[in-house]
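Work through the exercises below with the sequence and the model side by side. Try each task before reading its solution.

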Amino acid sequence: MNPSIVRLAVVGSRASWGRLLGITAGVAVGVTLALLLWGAYQGLDARDERSSWMSASGEYVVGGDTSQRAVTGDMASLGNDRVLLAPTTDRHEGVRISRFDVAAPTTSGVTIPDIAALPQSGEYYASPALIDRIARVPADELGDRFGTLAGTISDSGLASPDSLVAVVGAATSDLIERPTAQIVTGFTGPPYRASSNYQTVAIVGAIAVLFPVLLLVSIVTGLGAAARRERFATLRLIGATPRTVAAIAAMETAATSFVGALIGVLMAALLGPVAALVRVDDGAFFPADLAVTPFAAAMVVALTVAASAATAGWRIRRAGIGPLGQTKQPQEKTPSLLRLLPLTGGLGLLTATTLAVLAGLPVPRVGTLIIIGFTITTVGLLVAGPYLTLIAGRIMARRSGAAAGIIAGNRIRRTPVATFRSVSGLVVAVFMVSVFAGAATTADGGVIPVAGPGLLPVSTLIQYLEPTSDAADPAETDAELARLAAIAGVTGVVTVYRLDSGPDAGRLLLSADAAKGLGLGAVPSAPVVSVNSDVMTGATAVFTAAEVTDMAALTPSILLLGTDGSTAAIERARTALQAGGVFATGWAPAGTRTDLADDRLESMAASFATLAYLGIGVATVIAGLSLAIATISAMIDRRRMLALLRLLGMNFSGLRRIITLEAAAPLLSVMVLSIGLGFLVAELILVGLTDGGRSVGWPDLRYLGALTASAVLALAAVAAAASRLGKNTDLAAIRYE
Amino acid sequence: MTAFIQARGLRKSFGTTDALRGIDLDIHRGEVIAVMGPSGSGKSSLLHCLAGVLVPDSGTVIVDGVTVSALNEARRSALRLTEFGFVFQFGQLLPDLTAVDNVTIPLLLGGMKRKQALKEAHGWLDRLGLEAAAARLPGELSGGEAQRVAIARALVAHPSVLFADEPTGSLDSLAAENVLTAMLELVRQAGTTLVMITHDPRTAAYADREIIVRDGQLAATDRVGIS
């Protein structure tokens, strides 16, 4: 084929250049996002791999190790092939610190891959972020919890540059008392967070973003379709065959897509370090985490170019352009009810999987089935969209009494596929928002309790104690309590007990004086009172007189440290509790109600939420961009018709109403379905993945924020298109185009 | 008698091309004018300036005492809606609307209820022999039918002036004859002023007056007197 013909056909005018630039820019944005997304997915894996040593686990020693190789308080009992490990989650200023207390002989052969040597008692290794943090605050607020810094945990052992990790040396005699203590023979656990559920969520998140990206590429490569059809009709008139014009279309799109894809690769490389700053779960990424290999980048470029070129050629062949152009308006095939089948199928698969799981049937690869069901449902929504759009268009055309409504309704009715395509990105984004927001509602325990009458103040530290605490010398315990009470900012120390039997079983016991000191409401006049145990998790305190009158013989269960609410006081008290030793033997370090609620969030649900809102943000922005491009493109393609309406006396507000209605009708009709479906799918996924352990609740404000953002973006997209109305409805177009 | 449409010193340029170079023209109410001239002579620019589609670079257009060329876009839109009707050579129907819906548009834009607008539109289609085509889309109409629908739409709101740019240019002679006679019959009955661009002397012969535009100026104006 003569290159000159191709050149003239492709870039014969200024408008052609604008169109090609639009395609190039759109493909560049799409490829950039696709590569960043791929990088992020790889990055999550890389993080998991690096931090896999943190999930090392072994045999718990509490309750007594009766094997021949029993571990005692003597370090030598561990030998050189075993380490006593007690992992906990500590906190500082609301941020989690992964702490690993280890006890091992200096001759131990067990190593942590990213630490020079296991720390001895009184020493610790820390991640750079933790070292910085320790240096930033007074020692009695953080540093005193760990001892002497022996070295740095290298980046290759950390999930994120923000990870706060400490490996702290301890004596066997100290660790053996801890309920989390276990014997490990090596630090090579499975990927830290890479449970199958987490992978499922990550894949679902990737699909959530990839759909709008593909739609964006699809929309931009169709830019200026009407003008292009006219040019190709002219080529047909002067002798070009259908195959020739299809080839020209494919070559044109391939060339622009190639340039766009290369720019996309460049932009992804440039934006990688910026994208790495986005915090996911444990924190930001190392820039190298998001780097995609040259082979992967080449694959994305090749796939983009091949797919867009093939689609462009196919579209032109399908348009059936003859030498006289398209004398008849290209008619879409009217969508039928059959379009609801894939959606029904996807929901059916999800429902069947969930029901089977709930029924206790052996379901192999639940995660895979859920991903397949979710993908089919998402595709089904896109397939069903034009049918629902058709219905909306029919209703609008019939019921509207205004010219704008009738014109928009009939246009939608005639071209439901094209109309829906322009809003499909936002529809998918809203569907995803609803799925993830629905899933994230399982973290309902994470709602931070508010202050109020009868509620334990969020400034109070709660230290759960273990029964072994009773082994402490009473005098030593009293001295420790006095030391804690003397800490600047600590307003009171209360010891709380729990009875497992009798009329107060399950309730918490404390002295009436201490109860009054807590200021949680009316306290009966009795030496000892009991209170409901869920007061620790945010319930209102209800005190009753206890039958027990002497608590001296009871085992302390909880230690409450009231503070003045300042961060410094809370951290000083927390540090003192850990450094003191007597009360540092629980499952977890002390925390406020806020901290404990946040701990409950550290779950699959939290992973859902984090990924959700990241993906939703990206997907919504892309979808808004797609809608703006599609709306402007449709307006340019129909400028003759719009100009004609101006000629007939319709003012700009009428034209804007048409454009708005054409976007709003499919958005609203499918959006409501998207929201409902999103929550249904979230319920099915959650119930399926957790064997019915979790279900969907009410979404939080972030969901409303995301929906509002979607609506604002849709309005902005339509406004952007409407702002070009004057330029694209030149009345001269009626005669000359 | 004061002319219904008065154009004075109309000048319009597109880049370095002078489309109109000082045109003065008077058109009386109910008059049928044929505008002729070679391609590129400025016929369409003249029509567009008279109709307020284009704003002249200089000069004035006064329609029924209103200076069209001084109105802003919103006022000109309103004027086009209430006073003017338009018919073009082809492609002027909204492709997504049926014939009858196309005809209702000016009425709906004028605030008429849809039911009443449909009734009026059906009446006009009936008068033009198009009742059977009322529910058809433009793509399903013949060229002649589409032009008659366009005429119905142009006249349905009872405009004072009908601007027609080669209304029969894309039709065969028989269809052109039918369309022309229908249009003329209706405008004569309603007393509507018709300004019609044509290349065809036979079409121009139906006009009360024929004006010839050449190089952006009025070359001649002849009263032909056929009605």
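A nonpolar core is a set of buried Ala, Val, Leu, Ile, Met, Phe, Trp, Tyr and Cys residues joined through C-beta atoms within 7 Å, where a residue is buried if 20 or more other C-beta atoms, placed from the backbone, lie within 10 Å of its own. The model is predicted, so local features need pLDDT of at least 70 and side-chain atom pairs count only at pLDDT 80 or more, while totals for chains, interfaces and linings use all residues. Residues are numbered from 1 along each chain as its sequence is written, and chains are lettered from A in the order in which they are written.

**Exercise 1.** Find the largest nonpolar core and state where it lies.

Solution. Begin with the count: the largest nonpolar core has 204 residues, and L35(A), V427(A), I33(B), V35(B) and V195(B) have the most contacts inside it. Next, look for the element with the largest share, which is helix α19 (residues 652–689) of chain A with 18 residues; helices (H or I, at least four residues) and strands (E, at least two) are DSSP runs, numbered from the N terminus. Finally, domain 1 (1–53 + 221–330) and domain 3 (341–446 + 603–737) of chain A, with bounds from an automatic or database domain assignment, both give residues to this core, so it lies between them. Apart from this core lies another, of 41 residues, which include L84(A) and V102(A).

**Exercise 2.** Describe the side of chain A that touches chain B.

Solution. Count the residues first: the contact (C-beta atoms within 7 Å) takes 22 residues from chain A and 24 residues from chain B. Then ask which element of chain A gives the most, and the solution is α11(A), with six residues.

How values were computed:
Buried ≥ 20, exposed ≤ 12 C-beta atoms within 10 Å, placed from the backbone. Contact = placed C-beta atoms within 7 Å.
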